[in-house]
Amino acid sequence: MLSKRLLATLFVFMLLFLAACGTTNTDQADAKEKKAEPTDLILATTTSTQDSGLLNVLLPIFEEENNVKVKTIAVGTGQALEMGTKGEADVLLVHAPKSEEELVTSGDAINRKRVMYNDFILVGPKDNPASVNGEDINAAFKTISESKANFVTRGDDSGTHKKELGIWTAVNIQPAGDTYISTGQGMGASLQIANEKNGYILTDRATWLAQEKNLTNLQIVVEGGKDLKNIYHVMQVNPEKHDMVNSKDAEKFVDFMVSSETQDVIESFGKKDYGQSLFFKYTE
Amino acid sequence: MELIIDGFRKAIEMILTGDREIFEITWLTLRVCFMAIFISSLIGLPLGMLLGLTRFKGRKIILTFINIGMGLPPVVAGLWISMLLWRSGPLGHLQLLYSPTAIVMAQVLVSLPIVTGLTSSAFQQINEKMLLQIKALGATKIQTILILLKQTKIAIVASVMAGFGRVIAEVGAAMMVGGNIQGDTRILTTSIVMEVSKGNFDVALAISFILLTVALLITAALTLLQQRKRVS
């Protein structure tokens with residue numbers, strides 16, 4: 001039998017070695033960002049701003065100007081807002097005005113500014129099993145529900161999901177049953193599921209345009225109408241309520257998003273690839 | 001079928017043209033996985049040895065927990081590490097969430113039980129009589145350990161390989177604690193998930209081929225090491 005003491009000593013050595021390795025790891029990370037030690041800014045946002053590619057255009061400009069490293073966490077609006085309430089993010093870029101106001105009221109978010117808008121659209125199977133046509137969105141939801149056609153929902157508390165639930169409430173229908181498919185995933189993944197399952201789905205136009213080429217089974221069935229406006233706001237997480245928040249850079253980010261140069265970039269984004277803007281300027 | 005060929009072509013193209021981003025993502029994947037498996041081996045191998053060779057009170061309970069841990073779902077590990085690292089969590093002041101270090105922590109959590117568990121079963125297989133014989137021949141403790149390590153080499157390398165397989169395939173935890181941040185915590189598996197959700201199936205497939213190639217090369221190297229004839 002081996003001596004326990006020897007093994008224990010060995011184990012302690014291993015741990016010491018491990019501790020040493022831990023430091024080298026951080027050293028490497030530091031060396032990588034040695035340029036001028038940019039500060040980290042955690043941006044919690046929706047999948048649409050990342051999946052459309054908008055952030056890939058905007059963030060490098062902001063990072064360059066302010067020597068900040070923006071860490072984008074692309075989740076649904078629900079989770080982004082939750083990260084705000086818990087102080088896990090520094091700045092939010094989301095699109096669920098009602099829920100956002102709650103955050104401002106509760107004091108978790110400050111400096112909330114309108115940034116841009118695009119619109120929600122209803123897409124559905126090309127053979128249109130529920131025979132929905134260009135009518136207004138409420139009527140379309142009713143028709144789909146009555147005809148028992150598949151309806152795909154993100155079901156993830158995202159801005160789009162919240163919008164969809166708002167419409168169901170407006171027409172007094174509680175969606176349920178086998179034809180109401182809840183994916184619990186982001187917009188892109190949900191669109192693909194709708195494509196496979198022959199379902200109708202509410203989506204933001206940016207993600208739709210970016211993915212249209214893969215969604216051969218789907219087409220736009222309802223669009224336009226002022227009810228479908230999809231408004232994005234940017235806001236800071238309140239540093240007085242959450243002490244680890246990087247409020248200096250968060251404030252710069254809010255200013256950056258509403259500056260006229262950035263607004264021009266936002267509006268011109270996507271014109272080359274899609275022949276139309278994916279987002280429109282919309283400051284107050 | 002066409003898509004697979006497209007993906008394959010894209011993968012080759014990405015490698016040949018030296019796509020900077022894919023290179024960085026692959027490099028980060030390797031760094032993170034190696035660091036994780038290195039730490040897991042560093043702790044897991046001696047711990048497994050200890051649990052395999054000695055008998056003490058509470059040993060069975062520890063072994064039970066390690067065996068459960070071998071099947072620990074990565075998302076659970078991800079959630080636990082996230083909660084630990086949240087700004088509001090106990091280690092929040094370290095600001096580690098959404099960093100490669102956080103990914104390493106989650107991967108250690110899922111691979112450590114595998115390395116420990118498999119190592120301990122290898123050492124439990126050692127014949128008691130051989131231990132006695134080694135002792136009888138007057139080996140020092142260090143010598144004894146070296147002899148035992150030689151005896152169990154195949155199983156030890158297998159345990160490291162199994163652990164490595166776990167970390168390089170891992171996606172749920174890496175997504176949660178890393179956040180898939182471009183140029184920072186985006187690794188091969190999380191990029192595949194993201195590209196799929198963006199509808200870029202060809203890019204996703206291309207990355208999957210790169211991931212498979214990397215895994216294949218490393219596993220092959222370890223297998224060679226494992227099957228090498230004894231030198232002495």
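Modeller: Fine, and bear in mind that this is a predicted model. Start with a side-chain pair: A:Ser158 and A:Arg154 make a polar contact at 3.3 Å.

Colleague: What makes that pair of side chains a polar contact?

Modeller: The cut-off is 3.5 Å between N or O atoms. The A:Ser158 to A:Arg154 pair is at 3.3 Å, so the pair falls within 3.5 Å and counts.

Colleague: Why is A:Ser158 called buried?

Modeller: Buried means under 20% relative accessible area. A:Ser158 has 1% relative accessibility, so it counts as buried.

Colleague: Where does A:Ser158 lie, and which residues does A:Ser158 touch beyond four places in sequence?

Modeller: It sits in the loop between strand S5 (151–153) and helix H7 (159–170) of chain A. A:Ser158 touches A:Gly76, A:Thr77 and A:Gly78.

Colleague: Which residues lie nearest the centre of the second largest pocket?

Modeller: A:Ala74, A:Val75, A:Gly76, A:Gln79 and B:Met175, out of 34 lining residues. The volume of this pocket is about 980 Å³. H10(B) gives the largest share of the lining, four residues.

Colleague: Now H5 of chain B, residues 100–124. How do you know that its reach is close to the expected one?

Modeller: Its 25 residues reach 35 Å from first C-alpha to last, against 36 Å expected at 1.5 Å a residue. Still, H5(B) bends by about 35 degrees at B:Ser111, and B:Pro113 follows within four residues.

Colleague: Why is H5(B) called largely enclosed?

Modeller: Of its 25 residues, 20 are buried, so the rest of the structure largely encloses H5(B).

How values were computed:
Residues numbered from 1 in each chain as written. Chains lettered and ligands numbered in written order. Predicted model: local features only at pLDDT ≥ 70, side-chain atom pairs only at ≥ 80, totals over all residues. Heavy atoms only, no water. Helix = DSSP H or I, 4+ residues; strand = E, 2+ residues; numbered from the N terminus. Expected span 1.5 Å × (residues − 1). Bend = angle between axes of the 7 residues up to and from the residue. Buried < 20%, exposed > 50% of the residue type's maximum accessible area, 1.4 Å probe, protein only. Polar contact = N/O pair within 3.5 Å; in protein donor to acceptor, adjacent residues only side chain to side chain. Contact = heavy atoms within 4.5 Å. 1 Å grid on protein atoms, 1.4 Å probe; cavity = no way out; pocket = protein on both sides within 12 Å on 5 of 7 lines; lining within 4 Å. Points joined across faces, edges and corners; volume = space filled by probe spheres on them.
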